[in-house]
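Hello,

Here is the structure I promised to pass on. Please open it first, then read my notes below.

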Amino acid sequence: MNSIQSTRRRFGMKLATMLGGLGIGGVVSTAGAADNAADVEKLGEDGKPVSGAPFIMPIVRHNGLIYVAGQGAHDDRPPAQWDVASHTQKVMDKIKDLVERGGSSMDHVVQLGVFLAKIEDYDGMNKVFKTYFPNGGPARTTVAVAALPGNSLVEVNCIAAVTKR
């Protein structure tokens, strides 16, 4: 460890100690950046480590959190047959499955990003969405976008706290 790394580490430890006294010590890691990189687990849809270098990881686990990549409905039917309720259910089923495979549960989802192809679908999406969080939902941002990939009216990504390995 060179002197710059040593100084950074000492500063990080002091900062973590100060923040710990405030009850927010977990915000700062005392490990170096290289140490943290080794702790990043890139997982496939099955929740197992991914070999090779896929462009997008479905699940990334790091520092007690699970990051789930955006999930869409991927509807093969003609667009005239699409409906937001079925798309939301399909997307949320995928999210639930990936969160569980990553080592958590829907009760431990802390944040979601919801993307809608049409803002008019907000109420329909919300009606289905609520059924996945009977104990109260996480922090959430919902935005309407110009378009979504994968033939979908809805796309969702999320962050969840790890509860099991």
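**What I found**

Start with Asp 121. Leaving aside its neighbours within four places in sequence, Asp 121 is in contact (heavy atoms within 4.5 Å) with Val 84, Leu 116 and Leu 153.

A word on the source. This is a predicted model, where local features need pLDDT of at least 70, side-chain atom pairs count only at pLDDT 80 or more, and totals for chains, interfaces and linings use all residues. Residues are numbered from 1 along each chain as its sequence is written, and side-chain values use heavy atoms, with hydrogens and water left out.

Back to Asp 121. Where is Asp 121 found? The loop between strand E4 (109-116) and helix H4 (122-129) holds it. Helices (H or I, at least four residues) and strands (E, at least two) are DSSP runs, numbered from the N terminus. Asp 121 is buried but has no salt bridge. Buried means under 20% relative accessible area, exposed over 50%, and partly exposed in between (1.4 Å probe, protein chains only). A salt bridge needs a side-chain nitrogen of Lys or Arg within 4 Å of a carboxyl oxygen of Asp or Glu. The nearest side chain of opposite charge is Lys 118, 4.1 Å away. For charge, Lys and Arg count as positive and Asp and Glu as negative; His and the chain ends are not counted.

Next, H4. Its buried residues are Met 125, Asn 126, Val 128 and Phe 129. The buried residues of H4 pack against helix H3 (84-102), E4 and strand E5 (139-144).

Now the core. A nonpolar core is a set of buried Ala, Val, Leu, Ile, Met, Phe, Trp, Tyr and Cys residues joined through side-chain atoms within 4.5 Å. The largest one has 27 residues. Met 92, Ile 95, Val 109, Leu 112, Phe 133 and Val 156 touch the most other members. H3 gives the most to this core, six residues. Val 109 has contacts beyond four places in sequence, among them Val 99, Phe 133 and Cys 158.

Last, the whole chain. It has four helices and six strands. Their order along the sequence is α-α-β-β-β-α-β-α-β-β. Of the 165 residues, 31% are buried.

Best wishes
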